[in-house]
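Here is a short briefing to read alongside the coordinates.

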Amino acid sequence: MTQKNRLNGGQIDRDTTLNFTFDGKQYAGHPGDTLASALLANNVRLMGRSFKYHRPRGPLSAGSEEPNAIVELRSGARQEPNTRATTAELFDGLSATSQNRWPSLAFDAMAINDRLSNFLTAGFYYKTFMWPAAFWEKIYEPIIRKAAGLGSLSMRADPDTYDKGFRHCDLLIIGAGPAGLNAALTAGRAGAQVILADEDFRMGGRLNAETYPIADMSGADWAAQTVAELATLSNVRLMPRTTVIGAFDHGIYGAVERVSDHLATPAAGKPRQILWRIYAKQTLLCAGATERPIAFDNNDRPGIMLAASMRAYANRWAATPSHRVAIFTNNDDGHRTAHDLQGKGVKIAAVIDTRQDAPRSYDYEVLQGAQVVDTKGRLGLTFVEVNQVDGSTRTVECGALGVSGGWNPNVHLTCHQRGRPTWDENLAAFVPGGTLPSGMNVAGAANGDFSTHGALKSGANAARKALGLKGRAPAVPEAEDAPGTQTPFWYVEGCSRAWLDQQNDVTVKDVKLSHQEGFRSVEHLKRYTTLGMATDQGKTSNIGGLAIMAELAGKSIPEVGTTIFRPPYTPTAIGVLAGRMRGKEFHPTRLTPSHVWAKERGAVFVEVGNWLRAQWFPLPGETHWRQSVDREVTATRASVGVCDCTTLGKIDVQGSDAATFLNTVYCNGFAKLAVGKTRYGLMLREDGIAMDDGTAARLAEDQFVVTTTTANAGRVYQHMEFVRQCLMPEADVQLISTTEAWAQYAVAGPNSRRLLQKIVDPDHDISNEGFPFMACANITVCGGLRARLFRISFSGELAFEIAVPSRYGDALMRRLMAEGEEFDVTPYGTEALGVMRIEKGHAAGNELNGTTTALNLGMGRMVSKAKDSIGSQLSERPGLNEADALMQVGLRPLSAEDKVTAGGHLMKASGPVDAAHDQGYVTSAAYSPTLGHMIGLGFLKDGGNRMGETLRLVSPVTDLTVEVEVVSAHFVDPEGERVRA
Amino acid sequence: MHDLTPITALGGSAARVDSVGDVTLTEVPDVALASVAARRGHEGVCAQTLESVLGTAAPSPGHAAEGAEYAAFWTGPDQWMLSADFNGYEDIAARIKSEVGDTASVTEQTDAWVCFDLVGPHINAVLELLCNVDLAGFQTGRATRTSIHHLGCYVISTDAGQSVRILGPRASAGSLHHAIITVMASAL
Amino acid sequence: MIINHPLLGPRDSAEFVYLGAAALMDRPDPETASAEDWHDYAYLRDNPAGPHRELWFHEGGDRSILIVTRDTTTHEITGVELAREVASK
């Protein structure tokens, strides 16, 4: 296939040919091409269908503002919908597919919508799908969902990876056009840390699209030379292919670098994109300007595009949409396009200029005071109809029409905080205004300095100002310096099906309807018509819609309102926001010191917070988890079991005021706890609700080791820091987490002491007399290794917790297993741990659920009245201490086969089953292998006085009703004889 | 002498070493660590004692210091982490405590952390994808706490642009290691 | 946001955990406080559109709790202090 519309020149590498396909058809282009420029060079103007009416569309622009040329790139899992052909860098083997058409781009059945356009105007959905209400879910929504959306997803996992990164600089320059390049040169030569980011793969901005010179060379050459110099400066970082998508608080910017989008697949190990978080002391926005179209009837045919984009295709990419083009303009810039294309051998059919005093040309015909009123051509422009100044109509034959309505500064990033653009009468455009993001300045066309000279100068000056550079400013190279004044011309009088927002199919008629129906503020206009709410955020359409609404309302544009913009500047892949945090890497995983060993034993693991804990250890032949868990419980209660409890939070509390401190954070007393003793502690929130529980072991007069529940470790540590720094600032207390420093194992069961006596060095007496229940000590094990021993029990058995430095945790577990063989030692997981604590009636997370008090937990008397502690005051509120307050109880099914389920509610033995008669609820339930039936823990109104009562446990959701008896929560060893054995 | 065999934070019997290009990531298990926090009202004495222990002033916020036996970095107001060779200083907490006495609280931290050295001429390209550190100002002797892969880590500049030491929570050593080596492949 | 830590300089707010209004530091004196005082302390917060003194815990840093004066309408930060120093004054 020849590149019929390829012109001479351009910044493409003609020595290399890149083959690509569009809708299955093979084409050729060159390095330097975008998909859009290569398609135009191949005489393809039709690239997509519009969203609502399925109108045939070609590219409107040559950049990221593109509303029309939206395609699917690649295939398989890498298929990416809604990609702008105007920014997609061409690579060999690229496959692109058009969207929103069936069966083909040239013949689209849904184009019937275009014929129905009288019905499908703004507000159509709101008016039509209102009733009957029942139709919504079953009929309307599925139909709309099927019709809506442009591209399609592959429905496969994204095979690419994404990174996130952080960069810091003195000056961030956004946009590498004349202003940005000259700013970077100024700042870079001054030695500042500079980041220059540009969304394009070739830096230079409009300089690459124009023919006029800077000093004695072409603008493009000046850009290339400047970029080359910047690349030699170690303090300047050039970031091409990088879109700054958002300006956030205090000089923080989000930027997406497209590392591999110009490659068929990313290189091994390389990300597709990187989301950079840039910290800039100062920022210079040099984002340039976007040309604005003029609205006229049928202004959306393939071949009709912005005049400066047409010029960019010709100058930078040596491509033209047609060899016969016309221009429709209200300003001199349109004439530049005519001049440049003419110079490349393209026939200029006419320049249609709305101004009666438009400049004439010897090279082509200029129709002064004329306007395009309609166009023809089903799948591509064939001719335009022109109203001439004398009122006559004329037909101009052309395959493309360049439209120029002036320029709008790209103020988007100035709005991301609180900036409100202000209207500049001279430019007839919004310029940056209001409070800009902190540290941001704007230069060049983005600030309304439209000439090349103005951009170069303002870029350099703004950089000097941002960095506080003194001395004489270096000379600005000579360049065109045309005045930037603009006279607005928004739409052709009397037009109706004239497109403003080409992506969302919003016409002048829709804006009129919106006005007529009372949706007149800019925010209502947007939502009623969907103007500017497509993926291009209305970059080429918002101002036009606003101008028309202003005229209809008889107001000025700034009176109607401004349109502000939110991040991201251009559509951003969700994947890059996630970065590496995907799948298994969604969060870091915490492994216990016995993890390797547990894996060898075939443990089943469960996630508890970020921890992976052994849930149970199945043995050969066990086919159901209950078999393993029941065995682990029974074996522990019969002899000895070992469980890794490293995950419990451990906080080292030291200082001469450590005991006073614990007296404040725990509701029960710690001041008198003897050295070498451990005590259970309950921590309340200030409102009297239980926060966490654990133990505190006094290893020395001025040192405690506090344990927290696994889930609350971080929160308790934070709470303790708050108390220490904000409430007890003078206290001598030091805190540090030691959770991961120590491998800690519970050794439980009647043979636990005998097992530990084989581990603990003999000079430490761990007999019942020498080391009674709740004792703690620094000891040594296995011939001298420092360790800690606590005689505490969660299972209700004679039990110890033993801790060694984590690196020895694996070896200690293996040693416990080896030495425990004679006792049939059994490792147990979190399930057996849970069963045993329910059998023993110990509260855990289910009971400390953020609604319960010490009283509810049966620990009301623990709240010391002899001292002040966090929560002690408010826990005395009458509302928390009513006579029928919920109390923790045990529940036993009357029939041993019956099920007890957590979450079920308790009702009296007879009477209504409803919320008004609710007696309480079940928090924990388990099958007790010790008792041979299920048991439960729950909260029951006045539960302490209702032992022996029969209740109904109901769960209407699962249709369950079971008779249960209220019993003591201590199902096993209620006298606590075993723990003291 | 006890007879328990240690494993490294990554679960191996030997330290893990990974290289991409000319950057090498080495797991360093032989580091003994102890936290030293001055007691209220004894901040001055504690800092003086540390100076004599280190042979140089206790590091100021954001800094690290290296002495003959011990190195140290600042971890919080009047709080430092001291390190030494694990071989010979496994009892670092007890040794330091005997020096500072009642002027400071000392807590063994050796096995609370996994330690990695990241060494090579392009480590900054790796670091900027890992953590939010202003590398232009991260000169030799700077130390900071930062988040890597959502893990609170200490990063110490041991030779600016050439070598850093990273301390991360030991239980997440595998996740941290994975994060660093995938980013090495990405950046280098 | 960037919080200018009194000891460590500018740090990203992502390193911090927000702990609420600085009024939490003014815990009532249990000897003298009435039930209303406790109720106000536990449950009532000012919600100003403008400067607000609030606690930020440097969880991912040096574990200092900072009192940050932040304008809730603009995020402008006009003051940063170490809570422990303020509390012990």
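In chain B, Ala125(B), Val126(B), Leu129(B) and Leu130(B) of α4(B) touch Ala179(B), Ile180(B), Val183(B), Met184(B), Ser186(B) and Ala187(B) of α5(B). By class, that contact is made of nine nonpolar residues, one polar residue and no charged ones. Please keep in mind that this is a predicted model.

**Helix packing in chain B**

- Helix α4 of chain B covers residues 123–130 and helix α5 of chain B covers residues 173–187; the two pack at an angle of about 120 degrees, and their axes are 9 Å apart.
- Angles from 65 to 115 degrees would count as roughly perpendicular and those over 145 as roughly antiparallel, so α4(B) and α5(B) are classed as oblique to each other.
- The handedness of the crossing between α4(B) and α5(B) is right-handed.

**Helix packing in chain A**

- Helix α16 (residues 625–638) of chain A packs against helix α21 (residues 830–840) of chain A at an angle of about 60 degrees, with 9 Å between the axes.
- The pair α16(A) and α21(A) is therefore oblique as well, and α16(A) passes α21(A) in a right-handed crossing.
- On the α16(A) side the contact involves Trp625(A), Val629(A), Glu632(A), Val633(A), Thr636(A) and Arg637(A), while α21(A) brings Glu831(A), Ala832(A), Val835(A), Met836(A) and Glu839(A).
- Sorted by class, the contact of α16(A) with α21(A) has six nonpolar, one polar and four charged residues.
- Helix α10 (residues 508–516) of chain A and helix α11 (residues 522–529) of chain A pack at about 120 degrees, with their axes 10 Å apart.
- Here too the arrangement is oblique, as the angle between α10(A) and α11(A) implies, and the crossing of α10(A) and α11(A) is right-handed.
- Asp510(A), Val511(A) and Ser514(A) from α10(A) meet Leu525(A), Tyr528(A) and Thr529(A) from α11(A).
- The contact of α10(A) with α11(A) divides into three nonpolar, two polar and one charged residues.

**Interface of chain B and chain A**

- Chain B puts 50 residues into this contact and chain A puts in 56.
- Between them, chain B and chain A bury about 4300 Å², with 48% of it on carbon and sulfur atoms.
- Of the area that chain B buries against chain A, 16% comes from Leu4(B), Arg40(B) and Glu128(B), more than any other three residues supply.
- Eight salt bridges are found across the interface of chain B and chain A.
- Glu128(B) also forms a salt bridge with Arg237(A), where the closest N and O atoms are 3.4 Å apart.

**Interface of chain A and chain C**

- Contact here joins 27 residues of chain A with 27 residues of chain C.
- The buried area between chain A and chain C is about 2400 Å², and carbon and sulfur atoms give 56% of it.
- His250(A), Gln718(A) and Gln725(A) supply 24% of what chain A buries against chain C, more than any other three residues.
- The interface of chain A and chain C has four salt bridges.
- The side chains of Glu686(A) and Arg27(C) meet in a salt bridge with an N to O distance of 2.5 Å.

**Salt bridges overall**

- Over all chains, the structure holds 61 salt bridges.
- One pairs the side chains of Asp300(A) and Arg55(A), at 2.6 Å from N to O.
- Asp300(A) sits in the loop between β16 (289–291) and β17 (304–306) of chain A and Arg55(A) in the loop between β3 (48–49) and β4 (56–57) of chain A, so this pair ties together parts that are 245 residues apart in sequence.

**Backbone details in chain A**

- The peptide bond from Pro567(A) to Pro568(A) is cis, with omega near -5 degrees.
- Pro568(A) belongs to the loop between α13 (557–560) and α14 (574–578) of chain A.
- Arg74(A) is not a glycine, yet its phi is positive, at about 65 degrees.
- Arg74(A) is found in the loop between β5 (70–73) and β6 (80–84) of chain A.

**Chain C at a glance**

- Chain C has two helices and six strands, arranged along the sequence as β-β-β-α-β-β-β-α.
- The C-alpha trace of chain C spans about 40 × 30 × 20 Å along its principal axes.

Key. Residues are numbered from 1 along each chain as its sequence is written. Chains are lettered from A and ligands numbered from 1 in the order in which they are written. This is a predicted model: local features need pLDDT of at least 70, side-chain atom pairs count only at pLDDT 80 or more; totals for chains, interfaces and linings use all residues. Side-chain values use heavy atoms; hydrogens and water are left out. Axes are lines fitted to C-alpha atoms, for helices over the stretch in contact, and angles run from 0 to 180 degrees between N-to-C directions. Helices (H or I, at least four residues) and strands (E, at least two) are DSSP runs, numbered from the N terminus. Angles under 35 degrees count as roughly parallel, over 145 as roughly antiparallel, 65 to 115 as roughly perpendicular and the rest as oblique. A crossing is left-handed if the near helix is turned anticlockwise from the far one by less than a right angle, and right-handed if clockwise. Contact means heavy atoms within 4.5 Å. Ala, Val, Leu, Ile, Met, Phe, Trp, Tyr, Cys and Pro count as nonpolar, Asp, Glu, Lys and Arg as charged, and the others, Gly among them, as polar. Buried area is the accessible area (1.4 Å probe) that two parts lose on being put together, summed over both.
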